[in-house]
Amino acid sequence: MNSTANSDNGRRNENGDAGEGQDLILHFLDKVRLSRGDAMEESEGEESPTELNTINSAGGFLIVSPDKLSVKYTNTNLHGHDVGVVQANKPAPFKCLSYYFEIFVKDAGVKGQIAIGFTKESFKMRRQPGSVSCFFDEIVWEVNSCGYHGDDGYLYRGKGIGEAFGPTYTTGDTVGGGINYGSQEFFFTKNGALVGKIPKDIKGHLFPTVAVHSQNEEVSVNFGKAKFAFDVKGYEASERNKQQIAIDKISIPPNIGYALVKTYLLHYGYEETLNAFNVATETTVPPIHIAQENAIDEDDSSYALHQRKTIRQLVRDGEINAALARLREWYPQIVQDEKSVVCFLLHCQKFIELVRVGKLEEGVKYGRLELAKFVGLTGFQDIVEDCFALLVYRKPEESSLGYFLEGSQRELVADAVNAAILSTNPNKKDEQRSCHLHSHLEVLLRQLTVCCLERRSLNGNQGETFRLNHVLNNNSTRR
């Protein structure tokens, strides 16, 4: 690094600006914690329906089998509200693309007034799902329910009258009901074929619901323990493909991907890969050209490229002492504060490297010397404790803290150091330094994530939880 750059850095340090660079990378502490969560691959923790609810049901008009998977109407249907209704024991899970269940009509009984659908927990258990009932001459609309009825093939949504929807169903038929959380629609099937779909206008938790309403009507319910007649996986694959087709139709400026990749490599100091990338793009036929209006400014990301590449490689190789030496030589203002975030991450990584090679005694001494100073400090305490906890395990790489010993942890530390170096760029104003945290490509991906989360929020947080790494992995497999 030349003397001019050193003098510029020195002046910045004297003006007290160096500390602001630390603010730019405070979020890397949260990334360490997120690594811990990713390593354990969080489970959604949702329970799915497994049987019928014998407690909250129209028990006077039906009997439920001992396995709680079949229901039979035992009354003679004297009134419109003498319906035998039963919900599932749990609401349909909603952190997924779709939910689906089926019924098999064992006996359509006298009138075949069977219904399948979804209802809220507060649903009155003496009425058909989605229908209107007359109770003591009062018309009651069950607005928080939806049902596909077998005697007329109509769909009822509590609007006073049914809607022509699909075929009737009777003894020997298998009928299914589902929720597509992606499109916010109910859908129904008959004997493995899709009957139709309607907008889902009911909010909150919904329970799979079955109703019988004439003598000897009997159905069994399949919540997924047995194979469905309908190809649910195929349906979901088709729905995802529709989404992908819509995405593929969106046009972007020609060759903008090239510029995004190039600035990404510049931003993170991957100098050798950048050179190979440039050679490859220059030899394409025809050569890749970025129109001026689509160009991305590369000057900021080019700052201190060689120095950043050198230090990144040292961290990736686990040579933390050498990386610290280079920082003290080239960017002393970054490590001047021994309790800065960069110093903390580097000292943690040095401790981890000692554990990795089995130098536990040396690791304990180093921890007492360098990490102990962070004990009790807000934001550092839990990570320090986790680092020291590595000493407890005979095989720390196989423990719940094994993510510390993965290559991704080195990359995380290298990214933090890289961001700190970029923040020292004397050509950048203070309010512009935060943009050094992420490349243009990452900014776009973050915006994509925010848009997907916002869209899910508008749907009541229903549907698949958006995970960018899953999307990228699925797309790479698809192609």
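1. D231 lies in the loop between β16 (218–222) and α4 (232–248). Its C-alpha atom is separated by 6.9 Å from that of G192, although the two residues are 39 apart along the chain.

2. The model is predicted, with local features requiring pLDDT of at least 70 and side-chain atom pairs counting only at pLDDT 80 or more, while totals for chains, interfaces and linings use all residues. Residues are numbered from 1 along each chain as its sequence is written, and side-chain values use heavy atoms, with hydrogens and water left out.

3. Helices (H or I, at least four residues) and strands (E, at least two) are DSSP runs, numbered from the N terminus. Seven strands form an open, antiparallel sheet in the order β2-β3-β16-β5-β12-β13-β14; two strands pair if DSSP finds at least two bridges between them. At the edges stand β2 (62–64) and β14 (193–199), each pairing on one side only. On average, neighbouring strands of this sheet are turned by 20 degrees against each other, direction ignored.

4. Within the sheet, β5 (residues 98–107) and β12 (residues 174–180) pair in the antiparallel sense over seven bridges. F104 stands opposite T174 in β12. Helix α4 packs on the sheet and touches β5, β12, β13 (185–190) and β14; its direction makes about 145 degrees with that of β5. Contact means heavy atoms within 4.5 Å. Axes are lines fitted to C-alpha atoms, for helices over the stretch in contact, and angles run from 0 to 180 degrees between N-to-C directions.

5. The axes of α5 (residues 256–267) and α6 (residues 271–282) come within 9 Å and cross at roughly 155 degrees. This makes α5 roughly antiparallel to α6 (angles under 35 degrees count as roughly parallel, over 145 as roughly antiparallel, 65 to 115 as roughly perpendicular and the rest as oblique). In this contact, Y258, V261, K262, L265 and L266 in α5 meet T273, L274, F277, N278 and T281 in α6. These residues divide into six nonpolar, three polar and one charged (Ala, Val, Leu, Ile, Met, Phe, Trp, Tyr, Cys and Pro count as nonpolar, Asp, Glu, Lys and Arg as charged, and the others, Gly among them, as polar).

6. For α8 (residues 305–316) and α9 (residues 320–330), the axes come within 7 Å and cross at roughly 155 degrees. Helix α8 is therefore roughly antiparallel to α9. Q307, T310, I311, L314 and V315 in α8 meet I320, A322, A323, R326, L327 and W330 in α9. By class, this contact has eight nonpolar, two polar and one charged residues.

7. The axes of α11 (residues 341–356) and α14 (residues 407–422) come within 10 Å and cross at roughly 155 degrees, so these two helices are roughly antiparallel to each other. Among the residues that meet are L345 and I352 in α11 and V413 and V417 in α14. The contact of α11 with α14 has eight nonpolar, two polar and three charged residues.
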